[in-house]
Amino acid sequence: MGMSQRRPHSTTGLLYRAAQAIRGTVRRRITVASDGIPYEFSDLRFRKLFNLARTELSVSFKPVRSWGMPIHLMVEPSAHCNLACALCPVTKGLERPQGHMDPALFRKILDETGDYIFTLLFWDWGEPFVNPHAFDMIAYAKSKGVKVISSTNGHLLARPEAADRLVRSGIDTIIFAIDGITQETYERYRQGGRLATALEGMRQVVARKKALASATPVVNFRFIVMAHNEHEIPQVKELAPRLGADVLSFKTLNPRSMDPYGDREDADPGGGFGYLPRSQRYWRFTPDPRTGARQRLRHNPCRHLWTAPVIHWDGTVCPCAFDPREKYALGSLRNQSLAEIWQGEAYRRLRSRFRSAWQDIPLCSDCTYAYKGGDCSRETVAEAIFYVRSA
């Protein structure tokens, strides 16, 4: 077994990305990176590749009416969670109904988007695997040729039968969010969780993957670096390969995640920042060398309004994952198609506002993307170690 260590690749230049998409239409091959992990697509249909090129051009020129359909989706299987993590809006209260996505609604979404999307992020707020239909939903997405990535606290995969169903679903990557290697450290953030159970969930998935001789899923040990756990980084680097992880990723903390709108009277505006580690290598934002403050960007690099909607469990469509309370809801799949919502008035109005004055949109003005070092597509995984295992 060998390993490689790197910060996930960053490619700048929107027109360059569009050119890559256009070249992909000729070769019928494309590589799409998500969270630092590359996913290869080959023998793609022209329709999907043509849409990719149109969407990337939309990102470059930011038309009010997108020239393409979404190329990525984030879907919330459930708004319920079995833990109460410290900075999570689910813990504080989403202030919207909570439930599980109906499999029929999920199939409707994939039937409409399967010809366009490349990756499906199978989580948002809540633990995805509390949905009793989660494994069947993943398998359905895989039948559409979509790469599926999910994130879990691991507890519900500790049963061998659940781990077996996960591997058999065909899921491409599973992220185990485990932020400590002692119970005391772990539960500081993952409140209500048991470290032993979370680690057992990873062990079971690795074991079933090996038993089934499956190439997937990629098992990503995810460690959010915080003040109370950064001293454990050396031990985590020893533990991850012993558990059979394929990737160990150290992610930066978003200290504003408790109050993404900045409008809660009961929110502690400095509370999240108290979790920041000492080492600036693991800070979400690049501080100003003179003042130590976050450095606001002049141009927000967010791509979501042209590439990737978020769909909550009941079919509500939101612009991004940073809208947990649906204050910027753009439509509902209960009475509209995604295409109607994607090209509808609410989306066009929000794109126009973002293009002309994103700083005036509360959701965007203090978003992680608004600051140097906060680009979730390329910068928030501070370090990734990939383990290459010999046959």
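Me: How are H6 and H8 oriented to each other?
Reply: This is a predicted model. The axes of helix H6 (residues 160-169) and helix H8 (residues 195-211) come within 8 Å and cross at roughly 55 degrees. Angles under 35 degrees count as roughly parallel, and 65 to 115 as roughly perpendicular. The two helices H6 and H8 are therefore oblique.

Me: Which residues of H8 make the contact with H6, and how does the contact divide by residue type?
Reply: From H6 come Pro160, Ala163, Asp164, Leu166, Val167 and Arg168. H8 supplies Gln204, Val205, Arg208 and Lys209. By type, the residues of this contact are five nonpolar, one polar and four charged.

Me: What is the handedness of the crossing of H6 and H8?
Reply: The axes cross at roughly 55 degrees. The crossing of H6 and H8 is right-handed.

Me: Is Leu199 buried or exposed, and which residues is it in contact with beyond its neighbours within four places in sequence?
Reply: Leu199 sits in helix H8. Its relative accessibility is 10%, and buried means under 20%, so Leu199 counts as buried. The C-alpha atoms of Leu199 and Leu243 are 8.2 Å apart, although 44 residues separate them along the chain. Beyond its neighbours within four places, Leu199 is in contact with Ile178, Phe221, Leu239 and Leu243.

Me: What do the buried residues of H9 pack against?
Reply: In helix H9 (residues 233-243), the buried residues are Ile233, Val236, Leu239, Ala240, Pro241 and Leu243. Just after H9, Gly244 takes a positive phi of about 95 degrees. The buried residues of H9 pack against H8, strand S8 (218-224), strand S9 (247-251) and strand S13 (381-388).

Me: Which residue has its backbone nitrogen 2.9 Å from a polar atom of the side chain of His155?
Reply: His155 lies in the loop between strand S6 (147-152) and H6. At 14% relative accessibility, under the 20% cut-off, His155 counts as buried. Leaving aside neighbours within four places, its contacts include Asn82, Leu83, Tyr186 and Thr197. The backbone nitrogen at 2.9 Å from its side chain belongs to Arg194.

Me: Where does Ala308 lie, and which residues is it in contact with beyond its neighbours within four places in sequence?
Reply: Ala308 is in the loop between helix H10 (304-307) and strand S10 (310-311). Its relative accessibility is 10%, so Ala308 counts as buried. Beyond those neighbours, Ala308 is in contact with His72, Pro319 and Trp342.

Me: Which residues does a cis peptide bond join?
Reply: Most peptide bonds are trans. Here omega is about 5 degrees, and the bond is cis. Pro217 is in the loop between H8 and S8. The cis bond joins Thr216 and Pro217.

Me: What share of the residues in the protein is buried?
Reply: The secondary structure comes to 13 helices and 13 strands. The protein has 391 residues, and the buried share is 57%.

Note on methods
Residues are numbered from 1 along each chain as its sequence is written. This is a predicted model: local features need pLDDT of at least 70, side-chain atom pairs count only at pLDDT 80 or more; totals for chains, interfaces and linings use all residues. Side-chain values use heavy atoms; hydrogens and water are left out. Axes are lines fitted to C-alpha atoms, for helices over the stretch in contact, and angles run from 0 to 180 degrees between N-to-C directions. Angles under 35 degrees count as roughly parallel, over 145 as roughly antiparallel, 65 to 115 as roughly perpendicular and the rest as oblique. A crossing is left-handed if the near helix is turned anticlockwise from the far one by less than a right angle, and right-handed if clockwise. Contact means heavy atoms within 4.5 Å. Ala, Val, Leu, Ile, Met, Phe, Trp, Tyr, Cys and Pro count as nonpolar, Asp, Glu, Lys and Arg as charged, and the others, Gly among them, as polar. Buried means under 20% relative accessible area, exposed over 50%, partly exposed in between (1.4 Å probe, protein chains only). A polar contact is a pair of N or O atoms within 3.5 Å; within protein, one must be able to donate a hydrogen and the other to accept it, and residues adjacent in sequence count only if both atoms are side-chain atoms.
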